[in-house]
Amino acid sequence: EDSTNGATFVDTGYGSTHVHYNVGNLYTTEVMSIVVGWAILEDAFLTVCKPSRDGNNFAQRFNVLNNLVTTLSPSYGANKRIDRLFSSVSQDYWKYANLNLATIRTFGTLEFRPYHSTWDTKEIRAWIDRIINFCKGMVTIGTPVQVLELADRDLDSFITKYAGVPATEQLIDLTRRNISTAFRLAYVVDEWEDIKALRENP
């Protein structure tokens, strides 16, 4: 009471909970596996967020992959440090995306922004655990192309296991479209690996 001067806090549902996942110890391809996984599963994660977060100016959908494909061109190579790889990612362009990539350069993290605000610590913990499970899962699967192939091969299980939500018919349809969008992004990383192999074995 003393610290708030008797003020009453009201959760309007328009605030947000941001989770930063440390990627400073990951290889570039591992980080990109997480990015590709998010591009595929974003709709699944949004099912546990309040409707006010979808389309919110401060939580924009991760649907600007064409820009990212251009930014992360093969010329960067798979052997670049992760902060340098993302040095061309615009802070202003990405900072309000559901998955903010600009924080890689500033904090060495991926910032997940879509979740609504809440005072419920158990709810926040559950969201954090969901993000951790997802990130670790994508890295364990392997390369971005392997993430893409697994999602394409067994989408129902992919949604349930890595987003932690039921794979409804509508969600499967939405996610299937996301796979098509994520295809180009995954194969940009595959090109890095090809270039790296050529450099090591001319």
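Asp173 is partly exposed in this predicted model, with a relative accessible area of 40%; that label covers the range between buried (under 20% relative accessible area) and exposed (over 50%), worked out with a 1.4 Å probe on protein chains only. Its salt-bridge partner is Arg177, and the closest N and O atoms of the two are 2.9 Å apart. A salt bridge here is a side-chain nitrogen of Lys or Arg within 4 Å of a carboxyl oxygen of Asp or Glu. Arg177 itself is exposed, at a relative accessible area of 52%. Because Arg177 and Asp173 are four residues apart in helix α9, about one helical turn separates them. Helices are DSSP runs of H or I with at least four residues, numbered from the N terminus.

As for the ground rules, the model is predicted, so local features need pLDDT of at least 70 and side-chain atom pairs count only at pLDDT 80 or more, while totals for chains, interfaces and linings use all residues. Residues are numbered from 1 along each chain as its sequence is written, and side-chain values use heavy atoms, with hydrogens and water left out.

Side chains of opposite charge can pair when their charged atoms come close. The structure holds four salt bridges, and another of them joins Asp152 to Arg176 at 3.0 Å, N to O. Asp152 sits in helix α7 (residues 144–153) and Arg176 in helix α9 (residues 169–200), so this pair ties together parts that are 24 residues apart in sequence. Asp152 is partly exposed at 44% relative accessible area, and Arg176 is partly exposed too, at 35%. Then there is the salt bridge between the side chains of Glu111 and Arg113, at 3.4 Å from N to O. Both Glu111 and Arg113 are buried.

Now for some helix packing. Helix α1 (residues 28–46) packs against helix α6 (residues 121–141) at an angle of about 130°, their axes lying 8 Å apart. The axes are lines fitted to C-alpha atoms over the stretch in contact, and angles run from 0 to 180 degrees between N-to-C directions. The two helices are therefore oblique to each other, the label for angles that are not under 35 degrees (roughly parallel), over 145 (roughly antiparallel) or 65 to 115 (roughly perpendicular). On the α1 side, the residues in contact (heavy atoms within 4.5 Å) include Trp38, Leu41 and Phe45, while those of α6 include Trp127, Phe134 and Met138. The residues of this contact divide into 10 nonpolar, two polar and two charged.

Notes:
Ala, Val, Leu, Ile, Met, Phe, Trp, Tyr, Cys and Pro count as nonpolar, Asp, Glu, Lys and Arg as charged, and the others, Gly among them, as polar.
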